Every structure is written in C-alpha cells, then in structure tokens.
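Please read them with the structure open.

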Amino acid sequence: MSKDVIKEQMSHAPGHVVYTGSKEIKDVLIDVFDYNATFVEEETVHELSSYTKDTDEKTVTWVNVNGLSDTQALTDISHKYDLHPLVMEDVANTSQRPKLDEYPDHLFIVFKMLYHDTDGKLNTEHISLILGKSYVLLMQEYDGDVFDGIRDRIRLSKGRVRTTGADYLMYALMDAVIDHYFIIIETLSDKIEELEERIYTNPSENYSQEIQQLKKEVIQVRRSIFPLREVVNKLEKVDNHLILKKTQVFVRDLYDHTIQVIETVEVYRDTIAGLMDMNSTNIANRMNEVMKVLTIIATIFIPMTFLAGIYGMNFEHIPELQIQNGYYYFWGAMVFIFIGSIIYFKRKKWL
Amino acid sequence: MSKDVIKEQMSHAPGHVVYTGSKEIKDVLIDVFDYNATFVEEETVHELSSYTKDTDEKTVTWVNVNGLSDTQALTDISHKYDLHPLVMEDVANTSQRPKLDEYPDHLFIVFKMLYHDTDGKLNTEHISLILGKSYVLLMQEYDGDVFDGIRDRIRLSKGRVRTTGADYLMYALMDAVIDHYFIIIETLSDKIEELEERIYTNPSENYSQEIQQLKKEVIQVRRSIFPLREVVNKLEKVDNHLILKKTQVFVRDLYDHTIQVIETVEVYRDTIAGLMDMNSTNIANRMNEVMKVLTIIATIFIPMTFLAGIYGMNFEHIPELQIQNGYYYFWGAMVFIFIGSIIYFKRKKWL
Amino acid sequence: MSKDVIKEQMSHAPGHVVYTGSKEIKDVLIDVFDYNATFVEEETVHELSSYTKDTDEKTVTWVNVNGLSDTQALTDISHKYDLHPLVMEDVANTSQRPKLDEYPDHLFIVFKMLYHDTDGKLNTEHISLILGKSYVLLMQEYDGDVFDGIRDRIRLSKGRVRTTGADYLMYALMDAVIDHYFIIIETLSDKIEELEERIYTNPSENYSQEIQQLKKEVIQVRRSIFPLREVVNKLEKVDNHLILKKTQVFVRDLYDHTIQVIETVEVYRDTIAGLMDMNSTNIANRMNEVMKVLTIIATIFIPMTFLAGIYGMNFEHIPELQIQNGYYYFWGAMVFIFIGSIIYFKRKKWL
Amino acid sequence: MSKDVIKEQMSHAPGHVVYTGSKEIKDVLIDVFDYNATFVEEETVHELSSYTKDTDEKTVTWVNVNGLSDTQALTDISHKYDLHPLVMEDVANTSQRPKLDEYPDHLFIVFKMLYHDTDGKLNTEHISLILGKSYVLLMQEYDGDVFDGIRDRIRLSKGRVRTTGADYLMYALMDAVIDHYFIIIETLSDKIEELEERIYTNPSENYSQEIQQLKKEVIQVRRSIFPLREVVNKLEKVDNHLILKKTQVFVRDLYDHTIQVIETVEVYRDTIAGLMDMNSTNIANRMNEVMKVLTIIATIFIPMTFLAGIYGMNFEHIPELQIQNGYYYFWGAMVFIFIGSIIYFKRKKWL
Amino acid sequence: MSKDVIKEQMSHAPGHVVYTGSKEIKDVLIDVFDYNATFVEEETVHELSSYTKDTDEKTVTWVNVNGLSDTQALTDISHKYDLHPLVMEDVANTSQRPKLDEYPDHLFIVFKMLYHDTDGKLNTEHISLILGKSYVLLMQEYDGDVFDGIRDRIRLSKGRVRTTGADYLMYALMDAVIDHYFIIIETLSDKIEELEERIYTNPSENYSQEIQQLKKEVIQVRRSIFPLREVVNKLEKVDNHLILKKTQVFVRDLYDHTIQVIETVEVYRDTIAGLMDMNSTNIANRMNEVMKVLTIIATIFIPMTFLAGIYGMNFEHIPELQIQNGYYYFWGAMVFIFIGSIIYFKRKKWL
C-alpha cells in the first residue's frame, strides 16, 4: 500500500471505500450461481443490479465478484446486501490481514489466496467472503481462482454441496484455498531442498542472497496464513444461526489443515535458519582450508629463500662456497627441508 | 525523561502534575468544537475558564489542548472536569506508556503520535484523551496534528461524526492516529528496502551502524504502538455507558488496524535481523575473496623468488649457470610454474 | 506428499478418500481379535466383509488394518462402522498430523509410529485409531508393528487387557507406541553422544553437515510427537461415555510419558545447537592456531632474508664483508635473532 | 547467600529466622511514626518493646525497622504483631525474591530497593513491608532510604497521606521505591548511551567485557523488578478489607509504573545485544581492513622482489644486464608494476 | 535408561514394576518412624512385612525405603498400602520426571534429589513420596539423604513436626530437598564465577568445552527442577482432605522457593550464553591482534628486502653502487623506512 493511498484513505471518513490494489481500473465481472438440491442456474453479469433473479432463501446464491477496482460497484453490492459500512472498506483494502467479523445478519471473512505467477514470483490475492442466510458473496482481486472444482461439483451435483446450505459452500471455498496452500508450501519445500542440495554439493559458494530471498518468501506465506488460524478457530466457535451444527465438523477439519500448513511453514523457517548457518560455516571452512594450504607453501619457501640468500652474500670467506659439490649439497638440504616440512605438517594434520 | 525531572516528581505527593517534556514553557492553545447534528461552533481560547459556552449534554464538545508545559492550566482543566488527581499527572508525564484507565465518569486513554520531523528524525508525541458523557478532552504536546480531516468533517457535516456522540469522536481521533502509523511504517519500509537494495548492489561495505540505527527506530515505533494493542482490546471490552454498542463495531476495526501495524513492525524486526546477518556474511565473504587472491599471488611468487635466489648464490660450481641459454631456460621454468599454478588453482576452484 | 497427490485431492469433494503414501498398491491385511474375559478368537481376513463373526457389545473387537493403499477397502470399513466421511480422508492422508476428533459414537485419533529402517533412516508411519463402544479400529500403513506384546497379553490373558473394555485396549496400543518413542530418542541420544565424543576427540574437522542431519532428524521426531501432547491432553479431558473413569488414570500416565519424550527432544535440540556452536568455535580455533604458527615462522624469516639480501648487495664498500670471520658473525646474528624471536613470542604467549 | 548460611538454614525447622545478609551484626534502629489527620508523633527506639505508645486503630502507625541482623529483635516484632512464623524467615532472607503473601490479618510484601553506591556499583537492598489494619511495618537492611519525601509529607501534612489509612501509606512507600527505579534505569540508560557513543566513535576497540558487565547489571535490575509485576498485579486484585477501594486506583498506577520500568529494561537488553553484535562486527571489520592493506603491500612487493632476484642471478649470459641504462629500465618497470597494481586494486575496490 | 531396559518394560503390561536404575541389586533398607505429639518410635527393617506395629491414624508413620532395585519389595509395599498399580511402575522408573498424581486415598509425588558426588560430578536421585491419611512413604534410590535434620526434629520434638500431621511431614521432606537445591545452585554459581574470572584474566584460551560442560550441568539441573514448579503449584491448589488448610501456607512457601531456584537457573543459562559469546570474541580478538602484529612486521620487511635485492642485481651500470658511502646511505634509508612505517602504523592505530 503506497503512502498516497493511505493519505487518500485518511482524508475520508471511516467506512469510505478506497481500493488499495493496483491502480488500473478493470471491469468488474460477477459470476452468479443459484442452486438447490434440484435446481441450478449460472449467469455472468457486469453489474449486480442487472441480476434480478430470485435470491430468496429457497436457493443458495453464490455471487463471485472478480475485480475490486470499481469501488462504486462494491458500494452498490454493500447496499443491496445491507452490509455494515466498514465491511466494504476492508473488502477494498487489499492489505487487510485475514480476519473474521461477526455481524447480526452476516459473517465477514477476509483471507489470502497465494499463487506463483508465471515468473515463479509468489503473489498474494486479497479475498473477502460474506456469508448470509442463503447467499455467499466472494470478492477477489483478479480473475482465475481455485474454485473450478467446486463449480463443477455444483453443476454436476457431485458431493454434498448441492444438498447443503450456504455455510457448506463457504466451507468448500475456504477448503479449496487452504488446500491450495499445500501446493504453495510444496513448491517452497522443493526450492528449499534444491538449495540445500546445492549447498551440500558445492559448499564453497555464497548462497546468502538466495537464502534471504527464500526467507522472505516464507515470511510472506507465514504472514498470509498465520492469522488464518485465529479466523478458523473463531469460525469453529462462532455461535451463530448461520452455521449449522453438521457443518462445524468440516470447519474443525479446516482448522486442522490450517495448523498443518502453519507448522510446516515454521519448520521451513527453522530449516532456512539452519541453511544460513551451514552456508556461513561452509564458506568460512573452505576459505580457511585454502588459506591454510597457501600459507603452508609460503611458510616452507620463506626459510629456503633465506638460505639461498645466505649463499648469495658477498662475504669474502664463506667456506661452504668452496666445497666441491657444495651446490648439490645445498639442493639436498633444500629437498630435505621441503619434504621434512610436508611430512611434519601432514603429521600435525595441518595438511 | 532526565533524572532531575524524576527527582522533582519524586519530591511531590502522587497526583502532583509535573511536565516531563522539553522545558521551554509555551502558551497553551485550546481549540473548542461544540456541535450536534444541526449545530456547530468553533473557538480558540488561551484559558479554558474563558470558554463559557454551554457544555451540556445536548451537544458534543471537543476540547483540544495544544501544549502541556503550563501545568497550572492542566490543573484547572482537571478541576473543571472533575478528573481523578492521578489523571493529570499522567497527562503531563510525556514518558507515560499508552494505557486505558476506566473511571466512573470518564475514560482516560494515553497514546502516542509518531511523526518524522523535517530532518527525517522520528519523533514521539504524547497524547491524552479523556472521554466523558458529552465531551472529549484531547491534550497533546505540540501544535499540528493529523486531525484536520476530522475537523473538516465536523465543519462540513461529512460522514457520521456530527450525528453521533462523543464516543464516535473518540474513535475517529484514535483512528486518525492509527491510520497515520501506516504512513510511518511505510516510511520505515522504504528505508529498509532502500538499505536492502544498497546491500545487494554493493555488498562489500559495512552497513552495521545504519542497520543498528534502523533497528532503534523500529524499536521506538514498536514501543509506542505495542501497548496500544492492550489499550484498544480493553476499549473493545469496556462495559461502560460511555461507549455505545454501535460504536463498538468501529473499535473492533481499530483493534484490527493496530494488530496489522504491530505485525508489520514485527516483520521489519525480522527483516532487519536478516539484513544484519547478510551484512556480516557479505563483508566476511568479500574480504575473504580479496585475501585469497592476494595470498595466491604471494604463494606463486615466493617459490619463484627462492629459485631466483638459488641462481644468485655464489657457489663455485653451479653447472646450470654455464649452460648456453640457461637464463632463457630459467625464464621458461618461471613462466611454466606461474601458468601451471594459476591453472592448478583454477581447477581447484581457488581462483 | 507430492503436488500431484495434492492436486488429485483438491479435485474431489471433501470426504473423498485419497491415499497419499507410496503409490504401490498392496493387499490390505486385516487381523481381527475378538475377546472378553473368558473368550478369545483371532482371525486374518482380506476383506472386512468376509469377517462375519459377532461384533456385539459382549466382546471387545480389535480390527487391525495393515495397508492403506486400497481406498475402496477403507471406504467399506467406513460404511460398516458408520464413520463420519471426513474420518477416512484423514486415515488415508499420511501427512495428516496427530489429532483427536470426537464424534458422538466414536473417537478418532491419529498418531505417528517412528522407527529406524535397516539403513538407520528414521521413518514415520501414519496410524489411525478409532474407538467405538466395543471395538477398536487400528489402521496402519505397513505390516509389522510394536503391538506383539499386547497380542500376547490378549492371547495369554496376562495383565488387565482381557478383563477391561475397548478403551483400555486403546490405551494399551497408544502406550506401546509412546513407549517405542523412548527407543527412538535413545537411538538419537546415542548418535548425539557419539558425535559429541568425536567432536571432543577430533575437534579440527567440520561436522556441520552431520549436525544438520541430526538436527533434521530431531525436527522430524519433534514434529511427529509434539502434537501428541495436545491429543493426549484432550483424551484425558474428553467427557465421553466411551472412556471409563478407571481408564482415565492410565491416560494421565500416557500424558506423562508424552511430556517426557517431548522434553527430552527439546533438550536434544539445545544440545545440537550447542554442538553446532562448539563445532564452529573449534574449527575456527584450530585453524587460527595453525595460521598463527605459520605466520610466526614467516615473520621470523622475512627480516633474516632481508639481512642476507643486504650482504648480497654489490656496493663497492661494504665493510662487514671484509671482516675476518664476518660470515660466522652473520650466522651468529641470525641464530640470535631466531632464538630471540622464539623466546619473545613464547613469553607473549603467541606460541 | 553463601553455602554456610544455606546449611544453617537447613538445619532449622521452617519458620526459624536466619539472617542471610552480611554477617556483621549491627544495632537495629526503629523509627516509629504515629499519626492521623490531626495528630503526628515521631520517635526512634532500639527495641520495639520500649515503644509503648498507643497503637490502636485511631491512628496509623508506621514502624520502620533499619537493620535485619538482630534476628531476636525480628522474632520479638513477629510476636508483637502476631505474624505467621514463615513471614520473619522471609524478612531475614535477603535473597528472597519479591512476593506478596496474603494472611487473614495482614499482607506481607517483599520487594527490592536498588541504588548505586559511591563506587557506582549497583546494590540491591531487601525490603519487607507488612500491612495491618492500622499499621505498616517496613523492614530494611540498611539505614538510608528514599522515604524522606514521605516523612516530610507526614510531618507537614502535605498531600493526602495524613488523611488516609495505612493502605495509602503502603502505596506511598512502594511508589517511592518504584519511582526510584526510574533513576536507576536512567543511570543505566546513560551508561549504555555513553558506551554506544564510544563504540560509534572508536569502533576498533574490543568492548566485550564492558558490554558483558552492563548486561549483568541489566540482568540484576531485571531480576529485582520483574517479579514485582506479579506482586503489584496481585495487590491490585487482592480482595481484602485492608485495602480500600479508593486506594486501588493508586495501586493500578503502581502497576503501570512497574510495567513501564520492566519494558524499558527489556529494551535495554535488546540494545545491549545489538551493541554486542555491532562490537563484534566492527572489530572484525576494522581488523579485516588493516589486514587487507598489509596483504596488498606484501602482494605488490613479492613479485618485484622476484624480479630483483632475477637480475641478481649469476647466469653467464643475461642479456638485459648488458643493456645500456638497463638499470633505469628496471626501475621504470618496478614503478610501473607498483603504480599499476595500486590502480588495479583501487579499481577493484580492494583499497 | 538403556534400550534394553525400555524393551523389557515394553514387553510387560502397564503397571508392571521394572527398576530402571543401576543393575546391581542391593538390599532394601526400610527406616520407620512412628510418632505423635507425645510418642516416638524408630525402627529399621529389611522387609515391610516384618514391621507389624500399629499404623493406625493416631500416629504419623514415616516409612523411608532406601533402594529400589528389589522390585518384589516394592510390589509388596504397593499391596500393603493399596496403591494404584501405575504408582509402583513410576517409583521404580528412575527416569520418570517430577510429577504429582492425585488418587482418592493418596497423593503420589515424584521429585529429584540433586547432589555432587566425591568427584564433583552432579548426580540425580529419583525420589517418590506417597502421602496417605496418616503415613508418608518415601522411596529413594540410595542410602544417605538430606533428611537428618527432620529426623532430629522428630526425635527431639523440635519445631512443629511432632504436633502436626502427615501432610506437614511431607512438606518438611520436600522443603529439605528444595533447600538442598540452593546448595547445588551455589556450587554451580561458584563454578560459573570461577570460569568467568579465568576468562577475564586469561582471555586468549579456548574455554568452549568447559562452557559446554557447565551448560550441560545447568540443563541437567533445570530438567530436574523445572517440572517441580508445576508439581508444587498443583500441590498448592489440590482440593483434598489429605492436606490441611494450615499446611497450605507452607506449600505456598515451597512454591516460592522453587520459583527462586528456577529463576536463578535461568539466569545461569543466560550468563553461560554470555560467557560463550565472550569466549569466542576474546579468542578471535586476541588472535587478530597477534596476526596483525606479525603481518605488520612482514609488511615492513618485504619492501626492504626488495630494495636489498635491487642492489644485489648484476646490471653493469648501477650508479648507486659506486657512490662513496652508498652502503651507509642504504642503511639510512632502511632505518628510515622501518621507523617511518612503525610511526605510520602507530598513528593509524594499527599497532
């Protein structure tokens, strides 16, 4: 969220709807499903006002709004469903963290969709869900989602979605999102393992930027998912006519999955910290090995150079210089010093 | 808070008002708004006693006190509104942490305004808010604040502020402060990203002082905002006729925003710790690379110097010296050793 | 769990059973024990439908399903015992974390069996236990388990298992698994001690990969066992006719053991962190010692080489060169410098 | 507390009074204040038995015992005020941590006075306070305290102390001690800032011992103050006729101040950890810079020495040696190599 | 606990008594005290069955079992006092962590005695205490304990032990053990201070193994004492006719002492971590100082050697060589370079 957007928000009274995502205004596309056990109808409209079908309590209506940039459309929806003024502010505020607000006539849930774009970059999409007596409003930033399985199940009347109420639809939608988290963390896991593999096989390189990058991705995932634990926990305990008892078993299952994702992410944090440590230790270690060998070479040759210097001196009487084969004796001494040092250092495990 | 001020405070009985901010005594400026749905009046006075307008329960009165250095004025206000003696002590104590105290007739809330001054230094301003049945007392250290939006909304009767009570005004004021926190953390975020960028592009420098500086700023922000979570949480749960049920929904929203700020600050702490690590690793790494190259150069030339020393010796019989073109052969050997070492080190990935 | 399996799971409605373990489909083997204080019968079948014996409440029936790859068989069992649809999804989902779900007619418990395979690799086996009024369903991924002691006790009517109900059998099964954890952590303890020993005796090597390996194993154990604390704690507090009061004392004992395992694992984490530190310090220290000695040698010989160079100069008048025995004096000076330096460095504790 | 003292304590039954402070037995000095709104009397005695004035409920009696080494005197006091046997054991046990014990007829509070002695060393003084219906017993190890302000207020009837009961006196005494903590933490803050300043201005020194020293002081402060949070929290919630409702507002204020001290101490811990990090990084960095420059010098001169060695060789035919001005060409080459290397290293940012 | 013992345990039904301490079977020695306010009797037997004295509720009976290796004797005791089968399993399981189990007729408490053996090694002894209506069973692994003070007090009727019930005896026994912890932590404190002293005075050595050793000792103490907090806390809150109201004041005192021990141990952990840091920093620092000095020496002499090499060259025309006193000028230059470098490095604070 840029500072300009914050300042715009601040200049308005609370409840005023300001879209905080990317500026480019796109058309809002609204997919509407209307179904019960025996009946199903599907329509796509550009304005909710143009959807005039019956939305009474005999059928479940799923209104899926794609695109949040048209704040007027959001305000219209808010009025149509008689939502609390603060709700739409949060729907349009893409940096709103996951939360659950209970209102007398509806539940308002915010959560985050995570996906890797074509460049492998991790993106976060802001999703709002409003559960009413016989409808579910789902508002998301972009087209394209993970709900096609649910759409098929509604169309083909598979599973129990057609025979149950709006609360089960809410569960199914959240379940689809949370299931998708597993894909995300699997991808993360692959990246971590791949990096770990590379650190093991080529330990002398510096991977600290890559590790930091991965760490930031884990933090991003953690930040999107962590508050969801509280949301789902609250959802499980909500004492509200909107959620039937038989649906609560499913919500408990959601909680379970959420915890599992969170725990996995925590393990990744640990693993990444371990990689960072190992990276530092490896680099330092390899570096040290190199420096040691180099220093040993220098250390052996410096005294030898000194000795060569000795016999290069111009003293008038250096007796060794007159010795027959003195030169060869000198070489012998050099070889002896060289090999002796090597053996000595090997024995001391310095080499 | 200096030790002198503490000692002055200690020499007085509890409840005695001692201003702990900067010593220079400035005039107290009091802005008063008096409004209801149909009526609004605005006045600026130097002493509250000179404000004699009706402050009955039919209108909401917002008394905004700028400047806390005149402790006598504060004591007068305290008497006029019949506040508990400890309240004004905390109003004047600028190092008081954020808190909420419930009294039978009023709520007393302390929080902190954060702003960057013209030098980019982060400043903390101590703000006290007292909510009574039909009035809000807001006391702040300096002129200039983030409430101009609210003043405009009162004047122009925008939003719901004119049609609601003092409790909504309290919410609106706190909301403005918390919204401003987002500006502060965005600025922090920019600084962190800018530093991160510089660490990535120029990894060989030592950024530890800058990182430590940033860390201190994050700690300062954290310290001002963290206790607010408890304050707003308490405010949400307060069972008091002063806060109407319909305002509590808005307070819940405040809580939400507070949590979001806190979480972001926590992520910054993490990120800064990561930068510190990366900084150390980078410096060590780059340093090591340099040292390695230098050492390799020395290691290659030391044996060569030894060999040159050999043929500088004055032994009577050094056969190589008489060899035709011996000098060129020697150079050949040197070049061979040099290139061979380079190749050897390259292969071992030491270069 | 691979991404393909996750995607398969996501394409189905919740409650659909997808086996997430290794793909190879094996026969399901079902061992059935039927017993009471005076009677015991044991049978092995391939399909539960072929087990037609009386399963009324007069006897306790223990149905032990080995192999989860045949999802049809699982679905059949689910229908026979009238289990909630989500139960079988979790039974087949081998990455499900330990949990306890309470249903009106049965308790559903997931936990993990840990064992070291023949290569010393730590494996995790997914175990599900369903406790009904007079039966226990135990479903595990592979043949072979730690329950042979219980089987013998049932056959030979040792201990109190034959004279108590299904709830005691559940306790006995869980107790066997938790007791086995002690073996696992003893093995871990041995590995840690062995590595510690090696670090003490040969401190100059780099053990960071081995330590990281051990750390991952500890994390794996921790991850399997940690959620069990909550499970057993919930089990102790469950208010359900399925668990008799006299069995609850035993459950409390389970809780105790679980805590003990967890605490031990936490100590291991600490110990491993300590080993990592010690490893780094040792390597750095030893390296430093080596470098210091080498540098001292070089430092002594470089000035000596300079002096030898001095007397190798070709100045026309270098008086020392003409001195009788000058060469020997020179050597004397060299020996003096050498020994003096050694003594000096020893005194400064640099050697 | 030395082991001898512990062993002496252990050889006695619980409730036996053993003084655990410094061994030198000093006279016990007892200051007694007896006052109500209209009356005040002050006396100093050596034994409480010699104080025979009226101690009925019409006046508040403040008995201030200086010196705990005379255990007999403590036992006498204990009997006179009918205290529980364990109370006096804790009064005399100077290593007792802060706590609040509720007895039917009195509250027993232990806390710590912190002060810097003339050498700047931080000392901890053990203070016990017993609140009865109309008396306050305050027992401290040494003469000299922070209560002179309160004494003056009693004498001169300033503030509300003379017009309120023993519970307010208790509050005033605790408030004085906690206010004094602010002096202590300000002193700590000064030390930390002074050290930080020195680290910034002279980053090449090793400050680790000073930092460790400061850290120990912070730990000492933390240890004395941390348990006070629980004490004051308990005091706020105590449901006891000894503390009047109107005094509880003041106790809440105490709690506030305690939290503020604790939070500040926590920030200091953080800051000190940061200093430690910065210290290490700075030292390593500066060291590295030095080593780099030195190594670069050596690295430039070693090849040059080699070349000089070349032309010091005694080969019969070294053509360069005969070249006219060869010597000057050689010097030219040397200067070229030297300057070239410097430029090269500068460009690579190694210098 | 070895793996063999675990496997033996697993092969038995829960409740089966397996001794997990050292294998050597020793005689069990049972000391029995029987007393009330007016009467005391003391006897030592080898089997409890041979103790046939009256154990009715008129007297308190303290049965002190030394040695747990004879599991048959334990089983006999269990039957005599009608204990729950799981109790004796925990009594004999020396690796059982401290805990409190409440049974209708008795309380079962496990805790650990810590003592340093003659070699200064820290040992842990497993102690079980069972409190019945009028008896205390105390079972410990070895002879010799810290209860002699209590025995004397019973014999000589000192303190309140003879006039109170079994619950006070239980308190006195636990108090003796917890008081002994203070000895242990004082010993630890001495060791830490001694090591700290050595690190300060001789900072160049590597203390990491000693620090790690100390850390393990602190972990061992922590592990034995930490769970005791929960035990004593539970004991304080136990709602059971076995513990009289007047004894609960003493239990609160126990809790206090336990917390104090735990807090001290936590501070030690912190201190040891600080020592580890200081150790690393010191070593690195000292090492760096040495390396710097050595490198400076080398760096000064290498250019000088180069210059000496220059004048050792055999160019035909080196004008300086013919200069009168050229040799002395050369030496002058050398001294100038040497002293100039020293001054330069000193000024840059490199020396």
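1. Start with a loop in chain D. D:Asp82 sits between helix 2 (71-80) and helix 3 (85-92) of chain D. This is a predicted model. The phi of D:Asp82 is near 60°, which is positive although the residue is not glycine. Most residues other than glycine have a negative phi. Is D:Asp82 buried or exposed? D:Asp82 counts as exposed, because it has 10 C-beta neighbours inside 10 Å and the cut-off for exposed is 12 or fewer.

2. D:Asn325 lies in the loop between helix 8 (319-322) and helix 9 (326-347) of chain D. With 11 other C-beta atoms within 10 Å, D:Asn325 is exposed.

3. Now turn to chain A and a loop residue there. A:Leu83 is in the loop between helix 2 (71-80) and helix 3 (85-92) of chain A. A:Leu83 is buried, since 21 other C-beta atoms lie within 10 Å and the cut-off for buried is 20 or more. Which residues does A:Leu83 touch, leaving aside those up to four places away in sequence? They are A:Ser78, A:Met88, A:His106 and A:Ile130. A:Glu205 is 122 residues from A:Leu83 in sequence, and their C-alpha atoms are 56 Å apart in space.

4. Next, the overall form of chain A. Chain A has nine helices and seven strands. Its radius of gyration is 35 Å, well over the 20 Å that the globule rule gives for 351 residues, so chain A is more spread out than a compact globule. The C-alpha trace of chain A spans about 120 × 45 × 30 Å along its principal axes. Of the 351 residues of chain A, 44% count as buried. Take the contacts in chain A between residues at least 6 apart in sequence: 68% of them join residues at least 24 apart.

5. The domains of chain A come next. Chain A is divided into domain 1 (3-281) and domain 2 (283-347). How many Å separate the centres of domain 1 and domain 2 of chain A? Taken over C-alpha atoms, the centres are 72 Å apart. Six residues from domain 1 of chain A and four residues from domain 2 of chain A make the contact. On the domain 1 side, one residue is nonpolar, five are polar and none is charged.

6. Check the database annotations on chain A against the model. An unreviewed UniProt entry annotates residues 178-224 of chain A as "coiled-coil region". In the model, residues 178-224 of chain A are 87% helix and 0% strand, with end C-alpha atoms 11 Å apart. The UniProt annotation "transmembrane region", also from an unreviewed entry, covers residues 293-314 and 326-345 of chain A. Residues 293-314 of chain A are 82% helix and 0% strand, and their end C-alpha atoms lie 35 Å apart. Residues 326-345 of chain A are 100% helix and 0% strand, with end C-alpha atoms 28 Å apart.

7. Then the contact between chains C and E. Here 51 residues of chain C are in contact with 42 residues of chain E. Which elements of chain C give two or more residues to this side? They are helix 4 (148-156), helix 5 (166-201) and helix 7 (245-310) of chain C. Helix 7 of chain C provides the largest share, 28 residues. By class, the side of chain C that touches chain E has 21 nonpolar, 15 polar and 15 charged residues.

8. Symmetry relates these two copies. A rotation of 72° with 0.0 Å of shift along its axis superposes chain C on chain E, with an RMSD of 0.0 Å. That is the relation of a five-fold axis. The C-alpha of chain C nearest the axis belongs to C:Gly312, at 4.6 Å. The copies use different surfaces, as 10% of the contact residues of chain C recur in chain E.

9. Last, the contact between chains E and D. Chain E places 51 residues in contact with 42 residues of chain D. Helix 4 (148-156), helix 5 (166-201) and helix 7 (245-310) of chain E each supply at least two residues of that side. Helix 7 of chain E gives the most, with 28 residues. The side of chain E that touches chain D has 21 nonpolar, 15 polar and 15 charged residues.

Key. Residues numbered from 1 in each chain as written. Chains lettered and ligands numbered in written order. Predicted model: local features only at pLDDT ≥ 70, side-chain atom pairs only at ≥ 80, totals over all residues. Contact = placed C-beta atoms within 7 Å. Helix = DSSP H or I, 4+ residues; strand = E, 2+ residues; numbered from the N terminus. Nonpolar A, V, L, I, M, F, W, Y, C, P; charged D, E, K, R; others polar. Least-squares fit on C-alpha atoms with pLDDT ≥ 70 in both. UniProt positions renumbered as here; feature names shortened; annotations may be inferred. Rg over C-alpha atoms; globule rule 2.2 N^0.38 Å. Domains from an automatic or database assignment.
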